[in-house]
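Please keep the sequence and the model in view while working through the points.

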Amino acid sequence: MSRIVYVNGSFVPEAEAVVSVFDRGFLMADAVYEVTSVLDGKLIDFAGHCVRLARSLGELEMKNPHSEAEWLQIHRDLVDQNGLVDGMIYLQVTRGNPGDRDFVYPGPEVMPTVVLFTQSKPGLADNPAAKVGWKVISIPDLRWDRRDIKTVQLLYPSMGKMAAKKAGVDDSWFVQDGVVTEGTSNNAYIVKGSKIITRPLSNDILHGITRVAVLRLAAEAQMEIEERAFSVDEAQRADEAFITSASAFVMPVVEIDGTAVGTGKPGQVVARLREIYLDEMRRAAV
Ligand code: PMP
């Protein structure tokens, strides 16, 4: 089935959804993105994604082309036009098409390019992987130092995903200075006893929207949280491990570099967090 894609103010069939070869998103990865999940036709944590989008654009001195209300309307129209029930909406804003290739940013006369499309994933919240958990390997973190900006420079994360695939596992965890930064497209956590341990926010990791919600809900459920970095060795000896992202939600991690974490099966703390998160996010969906 052909999708309806949003490009610069128009909803068009995907075959007609095109951008210029001079677009800075294409030539320089000069672009930021967001991925918002849709469950039962409703947007999950939409406000959080809007805030982060504005921050990413601001850090790159790009103008936000829409207000939050306009972004919401575009998302909703795209859900409607595609009859999307469960899945994701991918949004990308680039610095636009200056008509040539130049390292210098174009002036304000060049409008940003705005593209949004849907990805249908029926039963997204019932992903069977959550029952068995992910296996991960660790690899060096070779990304740039501004991982807090959600840019489309995803080549190294993509290489990390391929390294995982070649190793027969589900994902890679990046390691820098002996400690885990995050997964290829998710934030990383361990559980010791009833305590949840995750790296504090900095420019070293993406400030996950799911991370904010999960830590808030965990605190509300009286769970203990410690924001500090952990090594692969500590993670292997933890009781449980997990990742969070807007599309995987809360996903158990049961093996790291071939070593089982805890029992080697998804643990109770992670299962509870996933349930609390999904319940609350469905309730608050817009
Ligand atoms: N870290 C990285 C590197 C990511 O790409 C993502 C997913 N975009 C995350 C963390 C998780 O962020 P979120 O919960 O907002 O999806």
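The points below take up the aromatic rings, the charges over rings, the ligand and one asparagine.

1. The structure is a predicted model. The values quoted in this note are therefore to be read as computed from that prediction.

2. A pair of aromatic rings is described by the distance of the centres and the angle of the planes. Rings are paired here if their centres lie within 6.5 Å, and by this rule the model has seven aromatic pairs. One of them joins Y33 and Y90: the ring centres are 5.6 Å apart and the planes stand at 25 degrees, so this pair is stacked. The reasoning needs the cut-off for stacking, which is an angle under 30 degrees.

3. Where in the chain do Y33 and Y90 lie? Y33 belongs to strand β3 (residues 31-39) and Y90 to strand β5 (residues 87-94), so their pairing ties together parts that are 57 residues apart in sequence.

4. Are these two tyrosines buried or exposed? A residue is called buried under 20% relative accessible area. Y33 has a value of 11% and is therefore buried; Y90, at 16%, also counts as buried.

5. Two charged side chains are placed over aromatic rings. R95 lies over the face of Y105, at 3.4 Å from the ring centre. The charged end of K161 sits over the ring of W134, and its distance from the centre of that ring is 4.9 Å.

6. How many residues surround the ligand? There are 16, and the closest are R52, K150, E182, I209 and T210. An N or O atom in the side chain of R52 is 2.7 Å from an oxygen atom of the ligand. For E182, a polar side-chain atom lies 2.6 Å from a ligand nitrogen atom. I209 takes part through its backbone, where a polar atom is 2.8 Å from an oxygen atom of the ligand. Taken alone, the ligand exposes 390 Å², of which the protein buries 93%.

7. N187 deserves a separate point. This residue lies in strand β10 (residues 187-192). Its relative accessibility is 5%, so N187 counts as buried. The side chain of N187 reaches the backbone oxygen of L206 at 3.1 Å. Leaving aside residues up to four places away in sequence, N187 touches E182, I205, L206, G208, R211, F242, I243 and T244. E182, one of these contacts of N187, is also among the residues closest to the ligand.

Technical notes:
Residues are numbered from 1 along each chain as its sequence is written. This is a predicted model: local features need pLDDT of at least 70, side-chain atom pairs count only at pLDDT 80 or more; totals for chains, interfaces and linings use all residues. Side-chain values use heavy atoms; hydrogens and water are left out. Rings of Phe, Tyr and Trp (its six-membered ring) pair if their centres lie within 6.5 Å; planes under 30 degrees apart count as stacked, over 60 as edge-to-face and the rest as tilted. Helices (H or I, at least four residues) and strands (E, at least two) are DSSP runs, numbered from the N terminus. Buried means under 20% relative accessible area, exposed over 50%, partly exposed in between (1.4 Å probe, protein chains only). A charge sits over a ring if NZ of Lys or CZ of Arg is within 6 Å of the ring centre and within 35 degrees of the ring normal. A residue is near a molecule or strand if one of its heavy atoms lies within 4 Å of it. A polar contact is a pair of N or O atoms within 3.5 Å; within protein, one must be able to donate a hydrogen and the other to accept it, and residues adjacent in sequence count only if both atoms are side-chain atoms. Accessible areas come from the Shrake-Rupley method with a 1.4 Å probe; for residues, only the protein chains shown count as cover. Contact means heavy atoms within 4.5 Å.
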